[in-house]
Amino acid sequence: MADDPGGPVPRTPREEVRRRLLSAAVRAFAEHGYADSRLEDIAHAAGFTKGAVYSNFGGKRDLFGAVLRERSDAEIDTLLARIGESADPADAVADTVRGVARRITEDPERGRLGLEFAARATRDAQTRDVVGRMRRAQREAVAEAVSRFAARGVPLGADPGLTALILHCLTNGLSMEHLADPGSVDTETIERALGAVIAALAPVPPPDREEPQ
């Protein structure tokens with residue numbers, strides 16, 4: 001007879017629980033949408049009970065908000081890293097524009113989920129609270145990125161907060177237009193639209209060139 005090791009079963013670390021729940025939620029929301037996704041199914045797919053969702057996220061609204069926020073946070077982290085690593089602000093802007101355009105066209109499910117959640121927020125106060133907190137955090141992160149550009153000598157046509165609001169609204173609008181008309185609002189068109197607005201809001205000065213001897 002095999003020895004019974006006995007003792008308590010180690011608990012899954014909280015961060016691992018959250019990671020697995022978020023991963024399962026992304027798949028469920030992408031396949032079924034917000035309204036038709038069930039917490040029981042999400043928890044089961046992650047290997048937990050529904051109680052794990054409530055103890056880590058509070059409920060379905062907060063879990064959905066966390067899914068959208070996690071993707072946004074990763075995008076902002078990449079943007080801030082580009083600003084810090086690039087020797088030329090113009091290169092950082094160009095990289096950012098390309099990255100945002102590709103994200104909109106290559107990950108349309110994120111746009112659909114965000115649009116669905118925003119629509120629910122217009123009818124439900126609790127959802128509106130979750131969406132409002134998430135979008136404020138996104139705008140604040142973009143404002144931080146804009147401030148870093150300004151610190152590198154890029155002139156601003158408006159303060160960082162207002163610039164962030166304009167860019168945030170433009171990005172959301174382009175995402176919706178791509179969902180409705182992907183053939184016309186493609187990656188190249190989105191890049192041009194973002195580039196034109198950024199050039200007006202924060203014209204990046206050309207790099208200094210050495211005078212010929």
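**Note on the predicted model**

1. Glu16 is partly exposed, because its relative accessible area is 27%. Here buried means under 20% relative accessible area, exposed over 50%, and partly exposed in between (1.4 Å probe, protein chains only). Glu16 sits in helix 1 (residues 14-36). Helices are DSSP runs (H or I, at least four residues), numbered from the N terminus. The Glu16 side chain makes a polar contact with the side chain of Arg19, at 2.8 Å. A polar contact is a pair of N or O atoms within 3.5 Å; within protein, one must be able to donate a hydrogen and the other to accept it, and residues adjacent in sequence count only if both atoms are side-chain atoms.

2. A word on the basis. This is a predicted model, where local features need pLDDT of at least 70, side-chain atom pairs count only at pLDDT 80 or more, and totals for chains, interfaces and linings use all residues. Residues are numbered from 1 along each chain as its sequence is written, and side-chain values use heavy atoms, with hydrogens and water left out.

3. Is Ser37 buried or exposed? Ser37 counts as buried, because its relative accessibility is 4%. Ser37 is in the loop between helix 1 and helix 2 (39-46). Leaving aside residues up to four places away in sequence, Ser37 touches Ala28, Phe29, His32, Ile42 and Lys60. Contact means heavy atoms within 4.5 Å.

4. Now helix 5 (residues 89-106). Its 18 residues should span 26 Å at 1.5 Å a residue, and the end C-alpha atoms are 25 Å apart, which agrees. The expected span is 1.5 Å times one less than the number of residues. Asp88 caps the N-terminal end of helix 5, with a side-chain oxygen 3.0 Å from the backbone nitrogen of Ala90.

5. Buried residues of helix 5 include Pro89, Val93, Val97 and Ile104. Their cover includes helix 4 (60-85), helix 6 (108-121), helix 7 (125-151), helix 8 (160-180) and helix 9 (187-201).

6. The largest pocket holds about 950 Å³ of space. Of its 42 lining residues, the closest to its centre are Glu75, Val100, Arg103, Leu167 and Thr171. On a 1 Å grid over the protein atoms alone, a pocket is an open set of points where a 1.4 Å probe fits, with protein on both sides within 12 Å along at least five of seven lines; lining residues have an atom within 4 Å of a point. Grid points are joined across faces, edges and corners, and a volume is the space filled by probe spheres set on the points.

Terms used:
Helices (H or I, at least four residues) and strands (E, at least two) are DSSP runs, numbered from the N terminus.
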